[in-house]
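Work through the exercises below with the structure open beside you. Try each task before you read its solution.

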Amino acid sequence: MSRVPRRSGLRGPGFDWVLMGAVLGLLVIGTLVIWSSTSSREALTGGDSTAYLRKQLVNLAIGGVLMVLVMATDHRWVRILAPVVYLGAIVGLVLVLAIGSEANGSQSWLRLGGMSVQPSEFAKLAVVIGMALLVAERTEGSWRRQVGTSDVVGMLLIAGVPAVLILLQPDLGTMLVLSATVFGVLAISGAPRRWLGSLVLGGVAVAAAAVTLRVLKPYQVDRFMAFTDPELDPLGAGYNTEQARIAVGNGGLWGQGLFEGSQTQAGFVPEQHTDFIFTAVGEELGLLGAGAVIALTCLVIWRALSISFHTDDMFGRVAAAGIACWFGFQAFQNIGMCLGIMPVTGVPLPFVSYGGSSIFAGMLAVGLLQNIHLRSSTLVPGAVFASRSYALR
């Protein structure tokens, strides 16, 4: 019996245009709203209404180059470089603790000349590909092999090192996203249910202990209390949540229009071009604009899961699913805090919020998704199943 023929090279049909279209849609909406939400704030722009627009366009250009580089890299090199990416993220997190600068109560930034880098954004991708590489190395070559206890322990160790460094900053928002991503990767890789249940119970116990023993810093406790009741301290910890709700509510169905949002242009919502960008979308583009952002985000997550499902490569399968978990929970956390259904944490909305580190990490992830999709698409339809049938004969 002859093997199933393969298409050579990377053909156009293999490129996921739906994924790319959704990402571009989010980037366009985000760039326009960033421009609108910063143009009237002289304290931020120094009087240059297009300052943040130009900065974000530079971020997008760099992010695009990074995406293309990852997309065009042979998949074998992607796996070889995975440990290097992981070690680079660890080094960055260590440098943050040693020489980083503090903002909003968290020491999360490295100043590199006139540019600021947030290593924890890259740590999310590093953990995903690190865990995916371990699963692939331990399971490939033995198709029926299950993920066992030693594999789960190894994956938790890979995630544990950056998690500890992130907690020391402390960056609770990133830690929540990382925890949800790690749990998703473990579930998708086939970790035993007893491990998943133990991790959930352990997480609840740790959270309860942190509150009981007063491990959390006062401003973190205040944010949680404000989440439960924004009117408890409307001029303090509850201010962000209260103003965010007002801004989103002002938009109605159609929105007040770009550069026309009353809350946005008056600067009532803090960090509106970064963590609270969704409030500007809701106020100026209305329910339709906010719905479009949510729909496009769901489209990105769906395509990542679809790529994971259709690839025959274990590394690609786990990595793509992990990226979907990362984007999904981070978007839920960001939008949720803007709507008052999640506590306020400093996490950006993927592809929409202003920030180089977030854009770079996100575009690297999209490049990896396209890389996985392109290589899996070199098989003709049905080749995955046919090749497995051939191997069993």
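**Exercise 1: the sheet**

In S3, Val117 is the bridge partner of Leu110. The model is predicted, so local features need pLDDT of at least 70, side-chain atom pairs count only at pLDDT 80 or more, and totals for chains, interfaces and linings use all residues. Residues are numbered from 1 along each chain as its sequence is written, and side-chain values use heavy atoms, with hydrogens and water left out.

Task: find the order of the strands in the open sheet, and the sense of their pairing.

Solution. Strands (E, at least two residues) and helices (H or I, at least four) are DSSP runs, numbered from the N terminus. Two strands pair if DSSP finds at least two bridges between them.

Step two: take the pairs. S1 and S2 run antiparallel and are joined by three bridges. Here Glu102 stands opposite Gln107 in S2. Strand S2 (residues 106-112) also pairs with S3 in the antiparallel sense, over three bridges. Leu112 has Met115 in S3 as its bridge partner.

The open sheet has three strands in the order S1-S2-S3, with antiparallel pairing. Strands S1 (101-103) and S3 (115-117) stand at the edges with a single partner strand each, so one side of each has no neighbour in the sheet.

Step four: look at the turn. The hairpin of S2 and S3 has two residues between the strands, and Gly113 takes a positive phi near 65° there.

**Exercise 2: salt bridges**

Solution. Step one: apply the rule. A salt bridge is a side-chain nitrogen of Lys or Arg within 4 Å of a carboxyl oxygen of Asp or Glu.

Step two: start with Asp16. Asp16 and Arg303 are buried. Buried means under 20% relative accessible area, exposed means over 50%, and partly exposed lies in between (1.4 Å probe, protein chains only).

Step three: go to Glu137. Glu137 lies in helix H5 and Arg79 in helix H4, so the pair ties together parts 58 residues apart in sequence. Glu137 counts as exposed, at 52% relative accessibility. Arg79 counts as buried, at 15%.

Step four: go to Lys124. Lys124 and Glu121 are three residues apart in helix H5, which means about one helical turn between them. Both Lys124 and Glu121 are buried. Elsewhere, salt bridges that share partners join Arg79, Glu137 and Asp313 into one network.

**Exercise 3: helix H7 and its ends**

Task: compare the reach of helix H7 with the span expected for its 18 residues.

Solution. Step one: get the expected span. The rule is 1.5 Å times one less than the number of residues.

Step two: compare. Helix H7 (residues 172-189) reaches 26 Å from its first C-alpha to its last, close to the 26 Å expected.

Step three: check burial. The buried residues of H7 include Gly173, Met175, Leu178 and Val185.

Step four: look at both ends. Pro170 is in the loop between helix H6 (149-167) and H7. The peptide bond from Gln169 to Pro170 is cis, with omega near -15°. Just after H7, Gly190 takes a positive phi of about 95°.
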